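Me: Please take a close look at one residue and what it touches. Then set it against the rest of the chain.

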Amino acid sequence: MKFDFSNIKVLVIGDLMVDHFLFGNSYRNSPEANIPIITPSHEYSTPGGSGNVAFNLASLGAKVSCVGVIGDDNWGQMLLKLLNKKSIDTSKIIKSVEYPTTLKKRVYLDDINICRIDNEKKLNNSINDLINNNVNKVIKNYDIVILSDYNKGVLNEQTIQNAIRHSKAPVIVDPKKEDFSIYKGANILTPNIEELDKALNLETNDNSSIISACRNLVNENNFEYIVN
C-alpha cells in the first residue's frame, strides 16, 4: 500500500547536523606513528540529526519546514543546499556565528569504519528566544510537529514546552533526554528500548514490563501514546 504524503505539512524542530563520509585506501603506514596513511577515493555529505528526519519526510512527498541552528560556516551552507534540493523550507533555520554546524565525519578504510570525528558545541539557553520566536511564527500552519531531540541544545525544557503549548497539531517527540517529564503534554513519544530503560532506570526485558512502564509514563506526563 502506497501512502500519499503530498498534502501533509510537517514542521521539524531539532538539532541539525551534517553526516560526512570519507572513503579511502591505504598502501603504507606513516613513518610518524604505526597508523595507516589513507588516500581518499571519494566522500559525500548527507543531512543528519533532525535534518535527516526532514529529508526522509520530504522524500515521501511531505511539505517540510525546519527550525534549528547551524553555524555561519561552509558545513552550514552545505546543509542548507542539501535541504533546499528537497524543497525543504529552511527560512526559519538560525545561522549563528557563535556555534559551528554540528558535524559527524566518519572515515572508512577499505569500507571499514575506523574512526569518527565530531565537531560540535552544545547550545546554551541564550538562543532560546530566537528559537521560540521562529517556532511561534509558523507552528500553527502545520499538520504535524516533530521534535527531533539529539541533546545538542535546540530542544530544552523551555523550547519543548513552548512548541507543545503553541501547536494545534499533534506533537511527536523522538526523545534523547533521560527525564521524559520535560516532554510533558506531547501527543506521541518514540523512545527506543535503550532510551526507555534510561528514563525509567530499569531493564525492560519483556513485553509486560515495557507495557507497564509505558502506561506509567503516559499517565504521569499526559502523553497519548508511546510508540516503541
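Reply: Setting aside neighbours within four places in sequence, Ile117 is in contact with Leu103, Lys104, Lys105 and Val107. Contact here means heavy atoms within 4.5 Å. This is a predicted model: local features need pLDDT of at least 70, side-chain atom pairs count only at pLDDT 80 or more, and totals for chains, interfaces and linings use all residues. Residues are numbered from 1 along each chain as its sequence is written, and side-chain values use heavy atoms, with hydrogens and water left out.

Leu103 and Ile117 are 14 residues apart in sequence. Their C-alpha atoms lie 7.9 Å apart in space. Ile117 itself sits in strand β7, residues 112–119. Strands are DSSP runs of E, at least two residues, and helices are runs of H or I, at least four; both are numbered from the N terminus.

The classes are buried under 20% relative accessible area, exposed over 50% and partly exposed in between (1.4 Å probe, protein chains only).

Cys115 lies in the partly exposed class too, at 32% relative accessibility. Cys66 is buried, at 1%. The whole structure holds zero disulfides, a disulfide being a pair of cysteine sulfur atoms within 2.5 Å.

Now the chain around them. The protein has six helices and eleven strands. Of its 228 residues, 45% count as buried. Among contacts with a separation of 6 or more, 67% join residues 24 or more positions apart. The C-alpha atoms fill a box of roughly 60 × 45 × 45 Å along the principal axes. The accessible surface is about 12,500 Å², and carbon and sulfur atoms make up 48% of it. That area comes from the Shrake-Rupley method with a 1.4 Å probe.

The search finds one cavity of 30 Å³ or more. A cavity is a set of points on a 1 Å grid over the protein atoms alone where a 1.4 Å probe fits but cannot get out; lining residues have an atom within 4 Å of a point. The largest cavity holds about 90 Å³, a volume being the space filled by probe spheres set on the points, which are joined across faces, edges and corners. Its lining includes Asp15, Val69, Tyr99, Lys121 and Val154.

How values were computed: 1 Å grid on protein atoms, 1.4 Å probe; cavity = no way out; pocket = protein on both sides within 12 Å on 5 of 7 lines; lining within 4 Å.
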